[in-house]
Amino acid sequence: MYILDNLKKINYIVVLMKPPASLGEFEQVVLLAILRLEKHAYGVTIRFEIAACTGREPAPGALYTTLDRMEEKGIVHSWFGEATARRGGRAKRYFALTKAGLAALVSAQRAYRSLLDGLDLLGDANG
Amino acid sequence: MDNASIAEWILCRLTSKERAASMVGDLVEIGERKGLLWFWLSLAGVVLSSVWRRPLAFVAAFYAGMWAVGGFQMAVVGVHAQHRPPEYPWVPIFLALGMVGSALWAMSFYAAIRYGLQDRTGQMAFAWTGLITTVIYLWWQPVILGVCIAAALFLASVCLLNGKRRKSVLIVAVSVAALLGAEILTAFIGSRYQHFLLSGPWGTREWEEHPSASWAYGCMLVLSFWVATAVWSRMHNWLTRSQRLESEVDG
């Protein structure tokens with residue numbers, strides 16, 4: 001019983017110490033676009049939002065693979081919305097961040113901010 | 001059948017009907033402005049980015065499994081000849097460890113390529129693979145054997161105490177059992193076929209005279225790996241779906 005109790009404690013500590021999921025650069029871009037779009041984030045709007053903010057249009061294959069992978073990891077969740085005639089009666093798949101996804105994004109952005117601290121990278125000198 | 005319906009049918013082979021419909025709906029919506037060429041090129045991109053991991057993971061699993069079988073045989077024979085452990089219980093233990101270890105090598109490579117190195121189930125498979133491989137190669141060093149046994153007990157206890165890890169272990173165990181079962185079936189059917197072709201002992205000449213026997217073994221072995229990787233894939237989908245539902249409830 002003593003060993004079992006200690007193992008349970010170790011397991012509890014391991015779960016508590018678990019860091020947020022690490023995110024790649026494109027994953028962060030997609031998550032930020034979803035946050036900006038609030039409840040209107042689906043494939044088309046996410047793609048347009050990324051293009052408008054970064055000047056790069058992501059390939060649909062890369063975008064859907066990333067969204068599916070992040071859903072598998074529990075970073076985003078999706079649900080099906082209304083079907084429109086413009087889409088040939090096909091439903092939109094909307095995305096939103098989960099708690100774990102938001103924590104991972106905050107952690108990644110904090111890391112960027114601490115790296116930028118003390119640098120004048122975004123100042124007038126660099127346009 | 002219009003373009004969108006054909007595209008939807010293609011994507012349905014790779015993902016669920018609802019997801020395929022929503023992807024095609026997105027492509028139709030953007031394709032209004034970009035044209036038909038863009039629509040089909042984008043669809044090709046979606047298909048390629050969805051499927052490339054599966055065949056590569058399967059081939060890697062097959063080679064890793066076959067390489068491990070050869071490597072473990074050499075290790076067991078070599079170490080056995082050098083250190084001469086008692087026949088019982090070491091021979092059955094080595095036999096079992098070698099079979100489970102080679103199956104674990106195959107499934108670890110499959111998981112690493114198909115789902116990435118951060119996947120919990122793949123990490124679990126790699127942990128057990130590492131332990132079994134260490135024991136096979138270094139069992140005769142008491143300290144290393146002791147550390148491996150302690151690590152295995154610790155890992156087993158930690159896995160049993162956590163629901164998510166328990167499910168990961170279940171996936172690893174069922175897939176490995178499926179591969180071993182299919183391999184045993186392959187050996188049984190293959191030996192019956194060999195006997196049907198020519199009863200008696202087989203040497204190099206007999207194998208050359210009856211190439212269908214080699215082909216039969218090869219095809220059944222590939223089928224065994226296909227069964228095991230399909231089991232892993234299905235169970236992994238089930239696990240991620242249940243975790244997704246849990247995180248949605250939490251969120």
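1. Let me start with the make-up of chain A: there are 5 helices and 2 strands. Along the sequence these elements come in the order α-α-α-α-β-β-α. Please keep in mind as you read that this is a predicted model. Of the 127 residues in chain A, 29% are buried. If you take the contacts in chain A between residues at least 6 apart in sequence, 49% of them join residues at least 24 apart.

2. Chain A has an average pLDDT of 85, with 83% of the residues scoring at least 70. Within chain A, α2(A) has the highest confidence, at 96, while α1(A) has the lowest, at a mean of 56. Where pLDDT is low, the predicted coordinates should not be read in detail. For chain B the mean pLDDT is 88, and 95% of its residues reach 70 or more. For the complex, the predictor reports an ipTM of 0.79 and a pTM of 0.71.

3. Now to where the chains meet. On the chain A side 26 residues are in contact with 30 residues of chain B. The elements of chain A that each supply at least two residues to this side are α1 (2-16), α3 (43-54), α4 (60-72), β1 (76-84), β2 (90-97) and α5 (99-116). Which element gives the largest share of the side of chain A that touches chain B? That is α4(A), with 7 residues. By type, the residues on the side of chain A that touches chain B are 9 nonpolar, 8 polar and 9 charged.

4. I would look at α3(A) next. An α-helix has 3.6 residues a turn, so residues three or four places apart point the same way.

5. Buried in α5(A) are G101(A), A104(A), L105(A) and A108(A). Viewed down the axis of α5(A), these buried residues fall within an arc of 95°, so they line one face of the helix. Their packing partners are α2, α4, β1 and β2 of chain A.

6. Just after α5(A) comes G118(A), with a positive phi of about 85°.

7. Phi of E38(A) is near 50°, which is a positive value in a residue other than glycine. Where does E38(A) lie? Its place is the loop between α2 and α3 of chain A. Is E38(A) buried or exposed? E38(A) counts as exposed because it has 8 C-beta neighbours inside 10 Å, and the cut-off for exposed is 12 or fewer.

8. Finally, a few remarks on chain B. Its domain assignment gives domain 1 (3-51) and domain 2 (54-250). The C-alpha centres of domain 1 of chain B and domain 2 of chain B lie 37 Å apart.

9. Also in chain B, have a look at V169(B), which is in helix α8 (residues 163-197). V169(B) is buried because 20 other C-beta atoms lie within 10 Å, and 20 or more is what the term requires. Leaving aside residues up to four places away in sequence, V169(B) touches M124(B) and C159(B). Between V169(B) and V231(B) there are 62 residues of separation in sequence and 13 Å in space, C-alpha to C-alpha.

Notes: Residues numbered from 1 in each chain as written. Chains lettered and ligands numbered in written order. Predicted model: local features only at pLDDT ≥ 70, side-chain atom pairs only at ≥ 80, totals over all residues. Contact = placed C-beta atoms within 7 Å. Helix = DSSP H or I, 4+ residues; strand = E, 2+ residues; numbered from the N terminus. Nonpolar A, V, L, I, M, F, W, Y, C, P; charged D, E, K, R; others polar. Domains from an automatic or database assignment. pLDDT = per-residue confidence, 0-100. Arc of directions from axis to C-beta.
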